[in-house]
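Work through the exercises below with the structure open. Try each task before reading its solution.

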Amino acid sequence: MGALTVDLQASSVRELNAELHTPTATSYEVLDPKGAHAIAAGVHHPIDVQVRGHAGYYCAGMNDGGAITVHGSVGTGVAENMMSGTVRVRGDASQSAGATAHGGLLVIEGSASMRCGISMKGVDIVVGGDIGPMSAFMAQAGRLVVCGDAGDDLGDSIYEARIYVRGKVGSLGADCVEKPVRDEHRAELAELLAAAGLDHEPGEFRRFGSARRLYHFAAHNTY
Amino acid sequence: MCGIVGLHLRDPALYPRLGRLLESMLCQVVERGPDSAGVAVYGDRRRCPEGHAAVSVLDAPPDLAARLPDALVTAAGDTTVVAAPLSVDALVDAVRAAAPDVTVVGSGTDLTVYKGTGHPRALAATYDLASAEGWQGLAHTRMATESAVTPEGCHPFSVGPDQCLVHNGSFANHATIRRDLRRDGVVFDSENDSEVGARFVASRLAQGEDLDKALRLLCERFDGFYTLLVTSADGFAVVRDAIACKPAIIAETTGWVAMASEFRALAELPGIEDARIYEPEPEKVYAWVR
């Protein structure tokens, strides 16, 4: 069990993923990805995958236990529906990063585009730069940490996820409100920043979450 | 779906490579739109010589060249390109007089448009895209949703001189806006929703507004999903709908500005490793002038 190198100009993504699903090595280098889709999707072994270049849609989707690093930027839906493990993007991420993910840690060292953490269900997402509009839309559980700014409509229709933002927030979505930062929040922030390898003072972040006003109908029907 | 690629060259040393670069970009978005493909090339003087106009038509009769003995007539699949040393309007009139049943799908003094149904990779060969030169070009691969798979429904929509529009998405209120434009005398070639966008932009440009203003007005008026790439005689502009439903990515270097639906279409461009790469924000118009 050693290291394997797969050049995506010589092998197909399907061949790469078949190897990663029944791994014969513990660590992999993926070369020349050139924006191909679904690179390292469906990994469910504790393997290390280093992608050298930019990846396309759904990179590291459904990851369950792998440690996947992209030395470049990623397209839509990186680590979507991740269950566990770590996905690290050294560059930027397109839309819907970490969508519906249940667990694990997603680190985006650059910025993430719109709908980052949409419908997140337990994942931790740490973004070194900014996030785009409509992020954490319908977020249900987990933590989203943003070291830069957040775009408009942050946390629209949010359930129970916790959002931390160090920079400016464009605007808050429906039912998302600012909440006080207590010691337990500073402690979890310190932990998440350390896990992501980002050096920021937890005291610089503001916290946002659900006002829980959308949990029940309030139509005041009179008939 | 649908795939969009566009390239606006800043470095004249790249002009001879426009077609090859555009073809490699187009081939990366084939899966996004396998029904049809269209291409527009700006500044290819072999296709539209200096002092000439070029008019692209569909449904050309096989003897069109014989009917237009003074013109350069080139068949490329569903499209036939006619070039002659006339004004754009005069050439359009001459083509229509010679072949009344054709549909004009592109015209200009610096622009050549091709569109047709079939596999985009095969169409790129039909259009001889690889040999194209010039300073700007765009291409579109179509997965039809709003109207039939026909050459008329293929993009780009080139409905004003040296103008082109390609669209990924679908307009919801196109029938209403088409009715309004028809009332103002605008004539349509298809039932396609994207054509309404192109006609709207052309009507604004004809009123003297610039591309930036025309697209901001489009955002106010049109409802639906869209990533649009619009080109004119001197520019290149990108805009997305309010929730940025359809993907878009822009890359810029000192040598070029490129836009595509996906990064992989940009991956082979020279100097991409040092490009500034970003996604356009919702309802913000990004425009570059030559």
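**Exercise 1.** Count the salt bridges between chain B and chain A, then describe the interface.

*Solution.* 
- This is a predicted model. The count of salt bridges between chain B and chain A is zero.
- Polar contacts do occur: seven residue pairs across the interface, both partners at pLDDT 80 or more.
- On the side of chain B that touches chain A, 10 residues are nonpolar, one is polar and six are charged.
- In contact terms, 17 residues of chain B meet 13 residues of chain A.
- The two chains bury about 1,000 Å² between them, with 53% of it on carbon and sulfur atoms.
- Phe263(B), Arg264(B) and Glu279(B) supply 39% of the area that chain B buries here, more than any other three residues.

**Exercise 2.** Which residue forms a salt bridge with Arg143(A), and are the partners buried or exposed?

*Solution.* 
- The partner is Glu188(A), with the closest N and O atoms 2.6 Å apart.
- Arg143(A) lies in strand 8 and Glu188(A) in helix 2 of chain A, 45 residues apart.
- The cut-off for buried is under 20% relative accessible area. Arg143(A) has 17%, so it is buried. Glu188(A) has 10%, so it is buried too.

**Exercise 3.** Find the side chain of opposite charge nearest to Asp193(B).

*Solution.* 
- Asp193(B) is in helix 6 (residues 193-206) of chain B.
- The nearest such side chain is Arg142(B), 6.0 Å away.
- Asp193(B) has none, yet is buried.
- Among the residues Asp193(B) touches are Glu146(B), His167(B) and Arg178(B).

Terms used. Residues are numbered from 1 along each chain as its sequence is written. Chains are lettered from A and ligands numbered from 1 in the order in which they are written. This is a predicted model: local features need pLDDT of at least 70, side-chain atom pairs count only at pLDDT 80 or more; totals for chains, interfaces and linings use all residues. Side-chain values use heavy atoms; hydrogens and water are left out. Contact means heavy atoms within 4.5 Å. Buried area is the accessible area (1.4 Å probe) that two parts lose on being put together, summed over both. A salt bridge is a side-chain nitrogen of Lys or Arg within 4 Å of a carboxyl oxygen of Asp or Glu. A polar contact is a pair of N or O atoms within 3.5 Å; within protein, one must be able to donate a hydrogen and the other to accept it, and residues adjacent in sequence count only if both atoms are side-chain atoms. Ala, Val, Leu, Ile, Met, Phe, Trp, Tyr, Cys and Pro count as nonpolar, Asp, Glu, Lys and Arg as charged, and the others, Gly among them, as polar. Helices (H or I, at least four residues) and strands (E, at least two) are DSSP runs, numbered from the N terminus. Buried means under 20% relative accessible area, exposed over 50%, partly exposed in between (1.4 Å probe, protein chains only). Lys and Arg count as positive and Asp and Glu as negative; His and the chain ends are not counted. Lists of a residue's contacts leave out its neighbours within four places in sequence.
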